[in-house]
Amino acid sequence: MAYFKLPAGVRDILPAESEKLDAAEETLRNKFRAAGFSSVRTAGLEYYDTFAGIKSAVDARSMFKMTDKDGELIVLRPDMTLACARIAATKLRRGSAKLCYFSNIYDFSAGGNSDREVAQAGVEIFGEGGALSDAKAVAFAIDCLKAVGLKDFIVDIGHVGFYKGLLEGSGLSEGAAEEIRGYINAKDAVNTEIALRRHGASERAQAAILALPSLFGGVSVLDEAEKLTDNALALSSIEHLRRVYAHLKELKAETYVSFDLGTVKSLAYYSGMVFTGLAEGVGAPVLSGGRYDELCAQFGRDLSAVGFAVGLMRVLRALDREEGKAC
């Protein structure tokens with residue numbers, strides 16, 4: 001019997017696994033509905049120019065591009081948050097909205113064992129700001145992971161404002177800051193230091209930025225971070241995280257939380273708190289989210305926003321690992 005190959009990074013989901021995926025989706029669908037979220041189904045194809053004209057976390061090189069019959073360049077859906085922000089800014093009349101989705105996104109740049117077709121479930125909350133809103137988003141993300149059966153996981157919280165604050169007065173250009181951000185996320189201290197020196201960062205900025213990868217753990221990390229700088233933006237970001245943590249304690253969610261100020265997500269996309277769900281034995285986050293108050297304005301309407309996405313197949317891998325450990 002011939003087995004026909006699929007392109008790298010995609011695969012079929014056979015009945016046994018599909019049944020588990022259906023169960024996880026149904027659990028999350030019920031959670032989203034009970035929490036007051038309304039479902040949307042965004043277009044699978046969009047014009048490339050929609051994304052080329054805004055600042056986002058999606059690199060144009062990671063998009064699947066094609067030309068339609070009129071010669072226009074179009075792309076396969078590269079990101080659900082962008083799509084939901086476009087809808088909230090251009091098609092919803094109310095100043096607030098709670099949207100949820102179950103959809104696939106497509107990443108042309110993924111290589112090796114990475115997925116190029118990623119099944120996600122997510123929520124986006126528009127029109128709410130502040131530390132309490134951030135804490136509620138994190139607490140709800142934790143509830144969702146628990147609801148699908150995960151037990152051994154942690155949610156790391158950071159804030160892009162801390163890194164932005166360290167950059168102020170450092171002498172680094174926007175491009176250099178993005179280059180160094182990539183090295184920091186990869187925990188690549190050598191290239192981080194080389195890039196800082198090459199781009200002429202001040203000595204104090206170099207010392208503070210090189211310390212970022214060590215700033216992870218319990219709430220005491222915030223005290224350590226505070227000692228590295230006197231920048232107002234960086235210090236206000238730390239204070240915001242303290243308020244978020246206080247609200248998480250009120251919501252009984254703090255036991256699943258740690259802090260990681262060395263995880264610096266896209267500066268063009270996120271504007272405040274960011275968070276990542278990690279489960280043992282899975283080589284990528286099972287959940288990722290954060291605040292992106294400046295994104296909707298790029299589609300013509302100023303709306304505060306926070307949300308997260310759950311990687312459904314990664315959750316299944318984490319569940320399989322937990323079940324294997326229990327046997």
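Which residues of helix 8 are buried? In this predicted model, they are Ala-205, Gln-206, Ala-208, Ile-209 and Ala-211. Their cover includes helix 5, helix 6 (174-185) and helix 7 (189-198).

Take helix 5 from that list. Helix 5 spans residues 160-167, and helix 8 spans residues 203-211. Their axes come within 9 Å and cross at roughly 155°. An angle over 145 degrees counts as roughly antiparallel, so helix 5 and helix 8 are roughly antiparallel to each other. On the helix 5 side, the contact is made by Tyr-163, Leu-166 and Leu-167. Helix 8 meets them with Ala-205, Ala-208 and Ile-209. By class, this contact has 6 nonpolar residues, no polar ones and no charged ones. Ala-205, Ala-208 and Ile-209 are also among the buried residues of helix 8.

Now turn to the strands. Strand 7 covers residues 153-159. Strand 10 covers residues 273-279. The two run antiparallel, joined by 7 bridges. Within this pairing, His-159 stands opposite Met-273 of strand 10.

Strand 10 also pairs with strand 11 (residues 287-291). This pairing is antiparallel too, over 4 bridges. Here Gly-277 stands opposite Leu-287 of strand 11.

How many of the 7 residues of strand 10 are buried? The count is 6, and the strand is mostly covered. In a regular strand, side chains alternate between the two faces of the sheet.

Conventions:
Residues numbered from 1 in each chain as written. Predicted model: local features only at pLDDT ≥ 70, side-chain atom pairs only at ≥ 80, totals over all residues. Heavy atoms only, no water. Axes fitted to C-alpha atoms, helices over the stretch in contact; angles between N-to-C directions. Parallel < 35°, antiparallel > 145°, perpendicular 65-115°, else oblique. Contact = heavy atoms within 4.5 Å. Nonpolar A, V, L, I, M, F, W, Y, C, P; charged D, E, K, R; others polar. Buried < 20%, exposed > 50% of the residue type's maximum accessible area, 1.4 Å probe, protein only. Pairing = 2+ DSSP bridges.
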